[in-house]
Amino acid sequence: MKKTIFIITILFNLQTFSENSLFLEANQQYNKQNYKSAILLYDSIIANGLESSELYYNLGNCYYKKEEWANAIWNYEKSLSLKKNTNTLENLELTKLKITDKIEPIPQLFYKKWWRNTINLVSVNMWQILTLLCIWIILIVQIITRFTTSKHKYSFHFLTILFIILLSISLSSYHENYQKPKAIIFSSSVNVNSAPTEDSKNLFSLHAGTKVRILDNIGDWINIKIEDGKNGWIKKSNCRILE
């Protein structure tokens, strides 16, 4: 049994070393402005089941240098879904200036805007980690209170309220990012229809790089909504979903 565990450990370490080597080699290719080679190396790491915010950030930078705006935006968005980063946000906003569609979001009530900004402070995973950490702290405080003469009534109440807040933010963040999937338009131009059929009315057009929210899907069609509130149906093949 120990021998098996040892072999598995060795194999895992070898794979980690291999992926790190690929990542460093990809970075070197990027520094040499060999963006196509860097993309191939970064993609090979992802193909092996490994991903990170930094990896998608670097891929976004490669596509930006190649002026492939839709790919750059997709990778920046993917990076931000794993970890919030100022550089990634700045690069994403810079890339959005390069695309055709300039969509103004619907103005939100101040409390909705505040709540959304709070949700977007960190990634979904980080909110979940903070929530679990709060649970452990509450349990530790309860154990200390039970087995000592110390009373932590106010601490317990404060932590309980904090847990409820963190849980609410975690659920909202999960719902925002996973229950309402997003996608990036990859077709140079796509007509948005009023119904999931080819002969339905064309409502408006979207272009490569625009982010949409997916509301529903029927067969090869998806019902999408953009930030200004307009919605309609497009073929799934016209976009790449942010999973």
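Here are a few friendly notes on some helices, a set of paired strands and a surface patch in this structure.

1. **Ground rules.** This is a predicted model, in which local features need pLDDT of at least 70 and side-chain atom pairs count only at pLDDT 80 or more, while totals for chains, interfaces and linings use all residues. Residues are numbered from 1 along each chain as its sequence is written, and side-chain values use heavy atoms, with hydrogens and water left out. Helices (H or I, at least four residues) and strands (E, at least two) are DSSP runs, numbered from the N terminus.

2. **Helix H2.** Let us start with H2, residues 35-47. Its 13 residues reach 18 Å from first C-alpha to last, close to the expected 18 Å at 1.5 Å a residue; the expected span of a helix is 1.5 Å times one less than its number of residues. Tyr35, Ala38, Ile39, Leu41, Tyr42 and Ile45 are the buried residues of H2. They sit on the same side of H2 because they cover an arc of only 165 degrees around the axis, taken from the directions from the helix axis to the C-beta atoms. Here buried means under 20% relative accessible area, exposed over 50%, and partly exposed in between (1.4 Å probe, protein chains only).

3. **The other face of H2, and its end.** Turned away from the buried side of H2 is a face with the exposed residues Lys36, Leu40 and Ala47. Ser44, also in H2, is partly exposed, with a relative accessible area of 24%. Ser44 lies 21 residues from Phe23 in sequence, and their C-alpha atoms are 9.6 Å apart in space. Just after H2, Gly49 has a positive phi of about 90 degrees.

4. **Helix H3.** For H3 (residues 53-65), the end C-alpha atoms are 19 Å apart, which agrees with the 18 Å that its 13 residues should span at 1.5 Å a residue. Buried residues in H3 include Leu55, Tyr56, Leu59, Cys62 and Tyr63, and polar Ser53, Asn58 and Asn61 are listed as buried as well. Just after H3, Glu67 takes a positive phi of about 60 degrees.

5. **Strands E4, E5 and E6.** Have a look at E5 (residues 221-225), where four of the five residues are buried. Five bridges join E5 to E4 (residues 211-218), and the two run antiparallel; another antiparallel pairing, with five bridges, joins E5 to E6 (residues 231-235). Strands count as paired if DSSP finds at least two bridges between them. Asn223 in E5 stands opposite Asp216 and also opposite Trp233 in E6.

6. **The two hairpins.** E4 and E5 form a hairpin with two residues between them, and Gly219 in that turn has a positive phi of about 60 degrees. The hairpin of E5 and E6 has five residues between the strands, with Gly229 in the turn at a positive phi of about 100 degrees.

7. **A nonpolar patch.** Met126, Ile129, Leu130, Leu133 and Ile137 make a nonpolar surface patch of about 400 Å². Patch residues have over 30% relative accessible area and no salt bridge, with like charges joined within 9 Å and nonpolar side chains (Val, Leu, Ile, Met, Phe, Trp, Tyr) within 5 Å. A salt bridge is a side-chain nitrogen of Lys or Arg within 4 Å of a carboxyl oxygen of Asp or Glu, and accessible areas come from the Shrake-Rupley method with a 1.4 Å probe, where for residues only the protein chains shown count as cover. Met126 is in helix H7 (residues 124-147) and is partly exposed, at 36% relative accessible area.

8. **Arg116.** Finally, Arg116 is found in helix H6 (residues 110-119) and counts as partly exposed at 34% relative accessibility. Arg116 and Glu176 are 60 residues apart in sequence, with 9.2 Å between their C-alpha atoms.
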